[in-house]
Amino acid sequence: MLDIKNITISYQDRPTVKNFSMSLKAGEIASLVGESGSGKTTVIRAVLGLLAGGGKVTEGDILFDGGSLLQNTPDQWRRLRGTDISMIFQDSGAMLNPTRKIGEGFVEYIRTHEKMSKGDAWKKGVEMLERMRLPGGDNIMRSYPFQLSGGMRQRVGIAMAMTFRPKLLLADEPTSALDVTTQAQIVRQMMELRDEYGTGIIIVTHNLGVAAYMSDWIVVMKDGEVSDSGDRETILHGNHSDYTQKLLDAVPSLGGKRYV
Ligand SMILES: Nc1ncnc2c1ncn2[C@@H]1O[C@H](COP(=O)(O)OP(=O)(O)OP(=O)(O)O)[C@@H](O)[C@H]1O
Ligand SMILES: [Mg+2]
């Protein structure tokens, strides 16, 4: 489904991510871990065609369902983003417009991608919120983002991202701002959605505990390059670099449990 082939990503002609490769099949979960500045967000944004600061993929290719994403026209991107490929961020609250109620943004988002009456879009929004175990979806639709807790806002973000049953969900530190209990619940819910929809997920996380708990594949990055990559067992218990060992030694627990 996704095949990232040996890409180099440069900001202002300075290569930042080098020789990066990974692939993902439908329904698989891969984690991207590594210290701050190692290039995790850069990789995720490159897949979504949304590199900031004049960033460009200068070598290699990114294939999605066999076609090169790098060749996409702006129009093709508009159709793909938010439907087949969607994304959630560290704090969905920051993405939601603070002056608008959740429902207004949700209805508008649904209607930009699908012809639907406002009433039907509202119903679909409520259904997605309830699927994310947000009780009283109607009330949440009528709330402003600041009236919700961080964990609720993050569930709203995931509910929106899953609306069109994406083939690929890119999640950049989706649980890092949350307490460990909420973190564990949200991780489990993402896994359930993967089971239900067959969505492939790439999750960026500082927390190797989260990566160990949920991923089929783990890619460890250091200074813009892949320092380790493989299935979860190999990365956690097989041969791995000293750098990965350092990350493993520093693993915080997830919901009171350690998974590595
Ligand atoms: N907008 C930008 N303009 C110029 N350079 C950038 C920009 N964004 C990132 N970079 C460069 O890319 C490097 C990797 O940044 P990136 O945000 O991908 O790291 P990260 O692994 O996501 O870090 P963190 O864990 O802190 O989020 C940075 O150290 C910086 O040199
Ligand atoms: Mg980042």
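Colleague: Which elements each supply at least two residues of the shell around ligand 1?

Modeller: This is a predicted model, in which local features need pLDDT of at least 70, side-chain atom pairs count only at pLDDT 80 or more, and totals for chains, interfaces and linings use all residues. Residues are numbered from 1 along each chain as its sequence is written, chains are lettered from A and ligands numbered from 1 in the order in which they are written, and side-chain values use heavy atoms, with hydrogens and water left out. Helices (H or I, at least four residues) and strands (E, at least two) are DSSP runs, numbered from the N terminus. The largest share of the shell, three residues, comes from H1, and the elements with at least two residues each are S2 and H1.

Colleague: Which residues come nearest to ligand 1?

Modeller: A residue is near the ligand if one of its heavy atoms lies within 4 Å of it. The shell divides into two nonpolar, three charged and nine polar residues, where Ala, Val, Leu, Ile, Met, Phe, Trp, Tyr, Cys and Pro count as nonpolar, Asp, Glu, Lys and Arg as charged, and the others, Gly among them, as polar. Of the 14 residues around ligand 1, those that come nearest are Ser36, Gly37, Lys40, Thr41 and Thr42.

Colleague: How much of the area of ligand 1 does the protein bury?

Modeller: Consider the polar contacts (pairs of N or O atoms within 3.5 Å). Oxygen atoms of ligand 1 lie 2.8 Å from a polar side-chain atom of Thr41 and 3.2 Å from a polar backbone atom of Ser38, while a nitrogen atom of ligand 1 is 3.4 Å from an N or O atom in the side chain of Tyr11. Taken alone, ligand 1 exposes 630 Å² (accessible area by the Shrake-Rupley method with a 1.4 Å probe). The share of that area buried by the protein is 65%.

Colleague: Why is one side of S2 and one side of S5 left without a neighbour in the sheet?

Modeller: Two strands pair if DSSP finds at least two bridges between them. The open sheet of four strands has antiparallel pairing and the order S2-S1-S4-S5. Strand S2 (14-24) and strand S5 (67-68) stand at its edges, so each has a single partner strand.

Colleague: What angle does helix H1 make with S1?

Modeller: Eight bridges join the antiparallel strands S1 (residues 2-11) and S4 (residues 55-64), and Leu2 has Phe64 as its bridge partner in S4. Helix H1 (residues 40-47) packs on this sheet, touching S1, S2 and S4 (contact means heavy atoms within 4.5 Å). Axes are lines fitted to C-alpha atoms, for helices over the stretch in contact, and angles run from 0 to 180 degrees between N-to-C directions. The angle between the directions of H1 and S1 is about 115°.

Colleague: Which strands stand at the edges of the open sheet of six strands?

Modeller: This sheet has mixed pairing and the order S6-S7-S8-S3-S9-S10. The edge strands each have a single partner strand, so one side of each is left without a neighbour; they are S6 (85-88) and S10.

Colleague: Which residue takes a positive phi in the hairpin of S9 and S10?

Modeller: S9 pairs with strand S10 (residues 225-231) in the antiparallel sense over six bridges, and Val219 stands opposite Ser229 in S10. The hairpin has two residues between the strands, and the residue with a positive phi, near 45°, is Asp223.

Conventions:
Polar contact = N/O pair within 3.5 Å; in protein donor to acceptor, adjacent residues only side chain to side chain.
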